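Student: I would like to learn how the words used for a protein model are tied to numbers. Could we go through one together?
Tutor: Gladly! Here it is.

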Amino acid sequence: MQQVAAEVQQQQVKKKQQETQMCRKIKLTISDHNKNISSHDDDDDDVCDKMDGEDLFIPPLNFAMVDNGIFRSGFPEPSNFSFLQTLGLRSIIYLCPEPYPEANMEFLKSNGIKLYHFGIEGHKEPFVNIPEDTIREALKVLLDVRNHPVIIHCKRGKHRTGCLVGCYRKLQKWCLSSVFDEYQRFAAAKARVSDQRFVELFDISSLKHLPLPFSYLKR
């Protein structure tokens, strides 16, 4: 019995050490991205308890990483600004026609982030009309590594963002089934045949002349 009790106690100590280490990693990550947060060590037992509201990083709706230096999401709210700061963004590709809110513009100015605004109307089927020229211009911005890290977003991060990311995947020579699978994961029940058809028919040949550091564009 004493041996069993000792093993149980040892497991509890090990679990507590793992939890403490995880909390410490979270604290260090936050300190690296936010210089205003103190980087001094707290007592191990109190690391998690002492993290206040400013330490909570909330990603935007449908946030995900697309590629190195490229992200996607729905429309960022003020509650997401602290999280976006951790990405070190240089630019934002905004795909809705509405003007950017004043609070968001202030966030961009205070963090030196450039806004690329490509207004695409968010019509529902069967009236969807994705302008190919607009997507092509947005792709030029997206492919320019001088704009990275960059985040693409529309309202919900589903349709317009999905079309742009889908065309980007074609440039990466993904098979269409994989492109559509990714689109459908974000669009879910709102997936549109018209969006997928647009991606399927999108001509990437006009982008091959760009002086970009992508081997698949230099063939």
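Student: How many helices and strands does the chain have?
Tutor: The chain has seven helices and five strands. Both are DSSP runs numbered from the N terminus: helices are H or I with at least four residues, strands are E with at least two. This is a predicted model, where local features need pLDDT of at least 70 and side-chain atom pairs count only at pLDDT 80 or more, while totals for chains, interfaces and linings use all residues. Residues are numbered from 1 along each chain as its sequence is written, and side-chain values use heavy atoms, leaving out hydrogens and water.

Student: In what order do the five strands lie in the sheet?
Tutor: The order is β1-β2-β5-β3-β4, in an open sheet with mixed pairing.

Student: What makes β1 and β4 edge strands?
Tutor: β1 (64-67) and β4 (114-117) each pair on one side only. Pairing has a cut-off: DSSP must find at least two bridges between two strands.

Student: How do you know that β3 and β5 pair?
Tutor: Strand β3 (residues 91-94) and strand β5 (residues 150-153) share four bridges in the parallel sense, and the definition asks for at least two, so they count as a pair. Ile92 stands opposite Ile151 of β5, and Tyr94 is opposite His153. β2 also runs parallel to β5, joined by four bridges; there, Arg72 has Ile152 as its bridge partner.

Student: Why are both faces of β5 called covered?
Tutor: Val150 and Ile152 on one side, and Ile151 and His153 on the other, are all buried. Buried means under 20% relative accessible area, exposed means over 50%, and partly exposed lies in between, using a 1.4 Å probe and protein chains only. In a regular strand, side chains alternate between the two faces of the sheet.

Student: What makes Cys167 buried?
Tutor: Its relative accessible area is 0%. That is under 20%, so Cys167 is buried.

Student: At what angle do α4 and α5 pack?
Tutor: Helix α4 (residues 132-143) and helix α5 (residues 159-171) pack at about 65°, with their axes 10 Å apart. Axes are lines fitted to C-alpha atoms, for helices over the stretch in contact, and angles run from 0 to 180 degrees between N-to-C directions. The contact is made by Ile135, Ala138, Leu139, Leu142 and Leu143 of α4 and Leu164, Cys167, Tyr168 and Leu171 of α5.

Definitions and conventions:
Contact means heavy atoms within 4.5 Å.
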